[in-house]
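Dear colleague,

I am writing to hand over the structure placed below. Please look it over before reading the notes that follow.

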Amino acid sequence: MRLLFLNSHSADYLEDQLFSGLTELLGCDEVILYPINRNYYLPRKPCPRDLGHCRTLSDLFGDWFRMRRGLARFEFDAVVIGSTKADTFEAYLSLIDKMPTGLPVIYVDGGDWPEVGGDAKRKGFDDLLHKVFAKRPPDVVFKREYLIDGVYDENVYPLPMAFGPAPEIEGTLHRYDVTCWCVESHPIRTQALSLLEGKYDCLANGSVRGQKFRKYQRKGAAYLRELAASRIACNFRGVGWDTLRYWEIPALGSLMLSEVPRIRIDNNFIHGEHAVFCRDDLSDMLPLLDYYLAHPDERDALALAGRAHAVKYHTYLKRAEYFLQVLSANRIGN
């Protein structure tokens, strides 16, 4: 399987996780980057902005050479459009007339909107997206926000985010009762933070309204250690249903309290087995928090089961394996 992976220079969590996973599974020789992206070679920003950092400077010259030679011959099994970003589609447009007839095109839509390519409209480049897809539409589409009750073509497959790649967080002791660290990108987050105001240790640990991503005091590995230090950590949707926190909390060994995401997630966490899900109106959020704070044995058992479930089904490597399985099922690279 030799892939030409078109990417954005701005962070896209799903694109970055998939690129890291495919690099680890297939190797640098088989995942050819276009254009060259320094974010994948240099640890310039803390996690989660560095999820694509899976290669080193020593790989750079070889990758550049393989890219130049690959583009001259176009000997690839497929072209991957890695994200719904304007520069990714500009890269695709620059190559579209040079691509051999019949070369499969894979589109990975990690955008927040549920429509395929919906973020192009949100970000103002839907004309570009329609232009390139009119010339060469994708053969297979992977969709992050694949709604359970949505209607999609048969060639569209769900692909939510996952946990990692991330530094190992081991031996972290619980220091916080309830945490809810998020910007208010959806009304339910505002509602949740308002309900938590003045309760538990939320004020002391910074689970308050008015948080800004750029001003987070906890970043990178320090953020993950702090999240792991939560007895219960809350997750609520943002612009889209899928969040990194949905995968981070269980994988780090904390008990996750969340609303039920309305997107397709195979092998999802189960209420009362791996996590705790509250009602959509949050009417039982506080009673659930009270119960699991008062029953540490049950809480810790759920957290332990959630961690095992996350490691088994929901890592970035599992997503890359699934991606390759879908391509194989569609006779791509066989």
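The notes below concern charged side chains and their partners.

Please bear in mind that this is a predicted model. The structure holds 17 salt bridges, and several of them are described here.

In one of these, the side chains of arginine 66 and aspartate 29 meet, at 3.0 Å from N to O. The two residues are 37 apart in the chain: arginine 66 belongs to helix H2, whereas aspartate 29 sits in the loop between H1 and strand S2. Arginine 66 is buried, at 16% relative accessible area, while aspartate 29 is partly exposed, at 42%.

A further salt bridge joins aspartate 177 to arginine 231, with the closest N and O atoms 2.9 Å apart. This pair connects strand S7 with strand S8 across 54 residues.

Arginine 209 and glutamate 184 also form a salt bridge, with 3.0 Å between the closest N and O atoms. Arginine 209 lies in the loop between helices H7 and H8, and glutamate 184 in the loop between S7 and helix H6.

Aspartate 12, in the loop between strand S1 and helix H1, deserves a separate note. Aspartate 12 is buried but has no salt bridge, because the nearest side chain of opposite charge, lysine 85, is 4.1 Å away and a salt bridge requires a distance within 4 Å. A polar atom of the aspartate 12 side chain does lie 3.0 Å from the backbone nitrogen of glutamate 15. Beyond its neighbours within four places in sequence, aspartate 12 is in contact with Ser83, Lys85 and Gly110.

With kind regards

Conventions: Residues numbered from 1 in each chain as written. Predicted model: local features only at pLDDT ≥ 70, side-chain atom pairs only at ≥ 80, totals over all residues. Heavy atoms only, no water. Helix = DSSP H or I, 4+ residues; strand = E, 2+ residues; numbered from the N terminus. Buried < 20%, exposed > 50% of the residue type's maximum accessible area, 1.4 Å probe, protein only. Lys, Arg positive; Asp, Glu negative; His and termini not counted. Polar contact = N/O pair within 3.5 Å; in protein donor to acceptor, adjacent residues only side chain to side chain. Contact = heavy atoms within 4.5 Å.
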